[in-house]
Amino acid sequence: MRDNLLIALYAFLGAAASGLLGAAVLRLVRRRSLTASLTVVAGVGVFAMLAGTMAVAWAMFLSPHDLRVVTTVVAMAAVVSLASALLLGRRVVARSRELTDAARHFGDAGAFSAPAAPATAELDALSRELAATSGRLAASRERERALEASRRELVAWISHDLRTPLAGLRAMSEALEDGVAADPARYLRQMRTEVERLNGMVGDLFELSRIHAGTLPLSPSRISLYDLVGDALAGVGPLAREHGVRLVGDGVRPVPVEVDGKEMSRVIANLLVNAIRRTPADGTVAVAARRAPEGVVLSVTDGCGGIPEEDLPRVFDTGWRGTDARTPPAGAGLGLAIVRGIVEAHQGRASVRNIPGGCRFEVTLPAPAS
């Protein structure tokens, strides 16, 4: 028993010395190729066995003949181990370089193309993650291009919509100044109308800038949607009568919500104004509010005839006005963008879908805590 313990002790000491030397070598080659590290690891295993055997032989637990046999066996194992380590290292390094090249092209704004055969499970997982990241970045670039197009379109529309009332204000002010206005009171009323319209456009731009900057101040409180919708219907009543559109709010339930009353009133008003302007005379705009598993759903249904399917994803984009919105009364294409921004600031979502004869805008808000 004592001899066995001594053999184990000498073998451990010899192997430990080899392991410490291998650790030092690994530290020296840590910045080199993986092939060098694998070769060192394979060599440590073999030389640990050889060092342990030599220590046992030095303590005279092995005969010279047995030592030669063991040394020969260890030498053959060393050859096979080192060859295997070199082959594996070269394979892993080759696949790593392929992955590096693919990632380099991916970094140059190209699509990521994964190598055909990753060498290890880790490289395969990294390749899948890079492919997923490439897809997300491609989608992000596409959204950025769409947003940039919307910004350019918005600038064009705002420039057009500002130029028209400003030209009218200039002409009317010159007429009043020169004393050639046939009806000064009518000119003053028209100027006031144009100024209010300009003020509304500037207010929309300011609101949108706060939404995009994430600085929209909210003061949530528990309010009934029934009251909010009732106030909004009363506010847009004159516009509906002017366009010959019926407003229906029978589907509104007294559902409580936790929202900023002022901002949510703006959401409902924007949706109603948009629906009234798109609904032909003798048409109907219906408002409904209900509880749903996903929260509280407010819907506004109009009779616009539907939105082309290719335009549905852009309805809430800044500056979007649709193909039939080519006149100044249609606004600058900010109303629905403001709707989405305010709703998302309340942790909700805004959506639109076509229905027979028109479309339905839905705002989903989180249900208030009971």
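Trainee: Which residues does L216 touch, not counting residues up to four places away in sequence?

Mentor: L216 touches E207, R210, I211, E263, I342 and A345, once residues up to four places away in sequence are set aside. Please keep in mind that this is a predicted model.

Trainee: And where is L216 found?

Mentor: L216 is found in the loop between α5 and β1, and L216 is buried, with a relative accessible area of 14%.

Trainee: Let me step back a bit: how many helices and strands does the chain have?

Mentor: The secondary structure comes to eight helices and seven strands. The chain has 370 residues, and buried residues make up 35% of them. If you take the contacts between residues at least 6 apart in sequence, 71% of those join residues at least 24 apart.

Trainee: Let's look at α6, then. Why does its end-to-end distance agree with its number of residues?

Mentor: Helix α6 covers residues 225-243, and at 1.5 Å a residue its 19 residues should span 27 Å, which agrees with the 25 Å between its end C-alpha atoms.

Trainee: Where does α6 bend?

Mentor: The bend is at V236 and comes to about 45°, with a proline, P238, following within four residues. Just after α6 you will also find G244, which takes a positive phi of about 70°.

Trainee: At what angle do α6 and α7 pack?

Mentor: They pack at an angle of about 35°, with their axes 9 Å apart, and the crossing of α6 and α7 is right-handed. On the α6 side, the contact is made by residues including L225, A232, V236 and H243, while those on the α7 side include G261, M264, I268, L272 and R277.

Trainee: Changing topic: which helix does α5 pass in a left-handed crossing?

Mentor: That is α8, and the axes of α5 and α8 come within 10 Å and cross at roughly 35°. In this crossing D204, E207, L208 and I211 in α5 meet A337, I338, G341 and I342 in α8.

Trainee: What else do the buried residues of α8 pack against?

Mentor: Besides α5 (184-213), the buried residues of α8 pack against α7, β6 (349-355) and β7. The residues of α8 that are buried are L336, A337, I338, V339, G341, I342 and V343.

Trainee: What follows α8?

Mentor: α8 is followed by Q347, whose phi is positive, near 65°. The loop between α8 and β6 also holds G348.

Trainee: Is G348 buried or exposed?

Mentor: G348 is buried, because its relative accessible area is 17% and the cut-off for a buried residue is under 20%. Leaving aside neighbours within four places in sequence, G348 is in contact with V343, T364 and P366. The C-alpha atoms of G348 and A367, which are 19 residues apart along the chain, are separated by 9.8 Å.

Trainee: How many aromatic pairs does the structure hold?

Mentor: The structure holds one aromatic pair. The partners are F316 and F361, and their ring centres are 5.9 Å apart with the planes at 85°, so the pair is edge-to-face. F316 lies in the loop between β5 and α8 (335-345), whereas F361 lies in strand β7 (residues 358-365), so the pair ties together parts that are 45 residues apart in sequence. Both F316 and F361 are buried.

Trainee: And D317, where is its place?

Mentor: D317 is in the loop between β5 and α8, and D317 is buried too, with a relative accessible area of 11%. D317 and G335 are 18 residues apart in sequence, and in space they are 9.8 Å apart, C-alpha to C-alpha.

Technical notes. Residues are numbered from 1 along each chain as its sequence is written. This is a predicted model: local features need pLDDT of at least 70, side-chain atom pairs count only at pLDDT 80 or more; totals for chains, interfaces and linings use all residues. Side-chain values use heavy atoms; hydrogens and water are left out. Helices (H or I, at least four residues) and strands (E, at least two) are DSSP runs, numbered from the N terminus. The expected span of a helix is 1.5 Å times one less than its number of residues. The bend at a residue is the angle between axes fitted to the seven residues ending there and the seven starting there. Rings of Phe, Tyr and Trp (its six-membered ring) pair if their centres lie within 6.5 Å; planes under 30 degrees apart count as stacked, over 60 as edge-to-face and the rest as tilted. Buried means under 20% relative accessible area, exposed over 50%, partly exposed in between (1.4 Å probe, protein chains only). Axes are lines fitted to C-alpha atoms, for helices over the stretch in contact, and angles run from 0 to 180 degrees between N-to-C directions. A crossing is left-handed if the near helix is turned anticlockwise from the far one by less than a right angle, and right-handed if clockwise. Contact means heavy atoms within 4.5 Å.
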